[in-house]
Amino acid sequence: MSFLFEDFKGWKIYCEENEVSLHQSVIEYEVDQKQATEELIWSGLERAYKVMKEAVQTGLTENMSSRSGMIDNGAKKVFNHNQTVLSKEFQVLISRALAAKEVNSCMGRVVAAPTAGASGILPGVLVTLQELHNLEDEQIMEGLLVGAGIALIMEKRASIAGAVGGCQAETGSAAAMGAGAIVYCLGGNIDQVFNAVAITIQCMLGLVCDPVAGLVEVPCVVRNASAAAIANSSAQIALAQVSAVIPVDECVEAMGEVGQSMETRYKETALGGLAATTTGQAISKKVLIQDIEMLPDED
């Protein structure tokens with residue numbers, strides 16, 4: 001019987017008692033619960049990671065302008081800018097996260113990881129991780145499996161949907177997946193992986209979902225970039241064995257409680273936050289007019 005991903009404490013116990021790695025336990029779950037074969041699982045991961053890499057490349061090389069006008073090739077502007085804030089590697093990380101998410105906002109092909117609204121985070125994190133540490137695709141795919149296990153628990157114990165738990169549930173979950181994957185791919189133990197998840201949740205806790213004009217563009221795209229940065233900082237902290245203090249399962253419970261307490265206007269309704277600002281409302285009216293003008297004549 002495979003582990004059913006009910007909590008992180010149980011996940012650790014299962015892996016230790018059965019002498020299996022984190023990523024192997026996710027494979028067992030897929031085989032047992034979804035009737036998949038290992039061959040099918042690995043081929044699916046290979047396809048998913050290929051799409052992630054393609055989204056990064058597309059966002060950095062092709063025109064990424066959304067119909068609303070809010071997205072206008074931001075990833076390329078960041079990638080090609082001649083002034084770095086921290087390092088070239090950090091600049092590339094941010095650019096890649098922006099790029100993949102811009103592809104989604106411009107109706108391109110992405111991997112929902114765990115959602116389309118957070119689809120730039122794992123590509124930015126994992127492509128950059130692979131490049132910096134010369135990792136094989138198989139190692140990255142193992143990290144993706146660990147990220148999937150993390151998402152399963154967060155979905156069960158809290159939420160991964162902005163309409164349910166705010167942006168903390170989408171970009172927060174993706175950042176936690178990314179942080180855990182980084183630590184795992186770099187040889188961290190179970191405690192370090194889970195500590196990275198806990199630290200990430202603490203950093204993302206309470207983030208509202210307030211898409212301007214109801215579109216997954218602003219502030220969604222830039223939040224993918226900041227979440228990628230948080231994933232890396234959390235991984236760095238966890239690898240140094242700095243404790244999150246609050247156990248990861250309690251962090252997830254807190255995330256669920258905050259999501260439940262969050263007012264509806266802050267959960268993907270475009271009724272609060274940035275969406276309710278003067279500029280946000282003006283953009284919403286402009287988009288609505290554009291949509292009406294595009295409607296076919298009934299005559």
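User: How much of the 299-residue chain do buried residues make up?

Analyst: Start with the term. Buried means under 20% relative accessible area, exposed means over 50%, and partly exposed lies in between, using a 1.4 Å probe and protein chains only. Here, buried residues make up 51% of the 299 residues. Keep in mind that this is a predicted model, where local features need pLDDT of at least 70, side-chain atom pairs count only at pLDDT 80 or more, and totals for chains, interfaces and linings use all residues. Residues are numbered from 1 along each chain as its sequence is written, and side-chain values use heavy atoms, with hydrogens and water left out.

User: Which secondary structure does the chain have?

Analyst: Helices (H or I, at least four residues) and strands (E, at least two) are DSSP runs, numbered from the N terminus. This chain has 13 helices and zero strands. Its radius of gyration is 19 Å, close to the 19 Å that the globule rule gives for 299 residues, so the chain is as compact as a globular protein of that length. That radius is taken over C-alpha atoms, and the rule is 2.2 Å times the number of residues to the power 0.38. Along the principal axes, the C-alpha atoms fill a box of roughly 65 × 45 × 40 Å.

User: How do I read contacts in the chain, and what share join residues at least 24 apart?

Analyst: Contact means heavy atoms within 4.5 Å. Take the contacts between residues at least 6 apart in sequence: 73% of them join residues at least 24 apart.

User: What does the surface of the chain come to, and how many side chains are positive and negative?

Analyst: Accessible areas come from the Shrake-Rupley method with a 1.4 Å probe; for residues, only the protein chains shown count as cover. The accessible surface of the chain is about 14200 Å², and 53% of it belongs to carbon and sulfur atoms. For charge, Lys and Arg count as positive and Asp and Glu as negative, while His and the chain ends are not counted. The place of a charge is NZ of Lys, CZ of Arg, CG of Asp or CD of Glu. The chain has 20 positive and 37 negative side chains, with the centres of the two sets 7 Å apart.

User: What span should helix 11 have, and how far apart are its end C-alpha atoms?

Analyst: The expected span of a helix is 1.5 Å times one less than its number of residues. Helix 11 (residues 220-239) has 20 residues and should span 28 Å; its end C-alpha atoms are 28 Å apart, which agrees. Its buried residues include Cys220, Arg223, Asn224, Ala231 and Ala238. Among the elements covering these buried residues are helix 5 (88-105), helix 6 (121-133), helix 9 (167-185) and helix 10 (190-204). Gln241 follows helix 11, with a positive phi near 60°.

User: Where is Leu129, and is it buried or exposed?

Analyst: Leu129 is found in helix 6. Its relative accessible area is 7%, so Leu129 is buried. Beyond its neighbours within four places in sequence, Leu129 is in contact with Leu135, Ile140, Ile182, Cys185 and Leu186. Leu129 and Asn232 are 103 residues apart along the chain, yet their C-alpha atoms are separated by 9.3 Å.

User: Which residues does a cis peptide bond join?

Analyst: Pro114 is in the loop between helix 5 and helix 6. Another joins Val218 and Pro219, with omega about 5°. Pro219 is in the loop between helix 10 and helix 11.

User: What is phi for Asn73 and Met107, and is each buried or exposed?

Analyst: Phi of Asn73 is near 55°, a positive value in a residue other than glycine. Asn73 sits in the loop between helix 3 (38-61) and helix 4 (74-80). It is buried, at 11% relative accessible area. Met107 has a positive phi of about 70°, although it is not a glycine. Met107 is in the loop between helix 5 and helix 6. At 76% relative accessibility, it counts as exposed.

User: What does Met64 touch?

Analyst: Met64 is in the loop between helix 3 and helix 4. It is buried, with a relative accessible area of 6%. Not counting residues up to four places away in sequence, Met64 touches residues including Ile71, Asn73, Glu102 and Cys106.
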